[in-house]
Amino acid sequence: MALDTYFSQVRSYGSLLKPTQVSHLATGTFYNNTHTADIIGPEANLKCSIHHWSEHGGIAGRGVLLDYRAYADKKGIEYDSFIDHRIPYEELYSCGKDQGIDIRPQAQGGDIRIGDILFIRSGFIGQYHRVKSTEEWSKVALRPHAIGPDDQQKWAGVAQEEKMIDWLHDCYFSAVGGDSPSFEAWPSNRGKTSRETSGGFD
């Protein structure tokens, strides 16, 4: 993806879908001290709703796409997007290098600017479209979900490792996203998500 497109929004972290996407599991607190009652139910107040951004001109930004699936295929790295394949920082760095992008922050001599929007293609969508039947998809989509080690929902995504957390924080991405149901590999292998341990990368 071109690294010279227009960007105007700078924020230390946000989700394109909504800033309240992941809570601190132990306390049930979302970004900006928001609680479930602020989001749904009779006391809902739209405290962290994305509509605030759209009322002020929308969301515009410079996108950085790391096509990890194409890189993995090229390098012979085989994995299933429907399991918890963890993409480590070193692999993302090599992926970027292969695409001609230095994924270090600009302050460290790299190509990533404050406010960039990061997209990681893990290959989930391509694998999803290769599923042949409703029965086959149901075996994946209807796996039991539970917070903790018994969670059977499994998805490829970035590794929950200190190097990844530091990189995401130091880049000051305005938003992150990808083609997988979760940005981070799920379930967490740390007992908590990277967003919890880093304060949502703020």
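Predicted model: local features only at pLDDT ≥ 70, side-chain atom pairs only at ≥ 80, totals over all residues.
**View 1. Strand β3 with its parallel partners β1 and β5.** Strand β1, which covers residues 63-67, pairs with strand β3, residues 117-121, in the parallel sense over five bridges. Strand β5, made up of residues 175-178, also pairs with β3 in the parallel sense, here over four bridges.

**View 2. The cis peptide bond between W186 and P187.** The bond that joins W186 and P187 is cis, with omega at about 5°, and P187 has its place in the loop between β5 and α8, the latter being residues 194-198.

**View 3. Y172 and its positive phi.** Although Y172 is a residue other than glycine, its phi is positive, near 50°. Y172 is found in the loop that lies between α7 (162-171) and β5, where Y172 has a relative accessible area of 33% and is therefore partly exposed, given that this class lies between the limits of 20% and 50%.

**View 4. The protein as a whole, for orientation of the close-ups.** The secondary structure comes to eight helices and five strands, with the elements running α-α-β-α-β-α-β-α-α-β-α-β-α from the N terminus on. Of the 202 residues, 41% count as buried, and the accessible surface comes to about 10800 Å², 54% of which belongs to carbon and sulfur atoms. Among contacts between residues at least 6 apart in sequence, 72% join residues at least 24 apart.

How values were computed:
Residues numbered from 1 in each chain as written. Heavy atoms only, no water. Pairing = 2+ DSSP bridges. Helix = DSSP H or I, 4+ residues; strand = E, 2+ residues; numbered from the N terminus. Buried < 20%, exposed > 50% of the residue type's maximum accessible area, 1.4 Å probe, protein only. Contact = heavy atoms within 4.5 Å. Areas by Shrake-Rupley, 256 points an atom, 1.4 Å probe, with all protein chains shown as cover.
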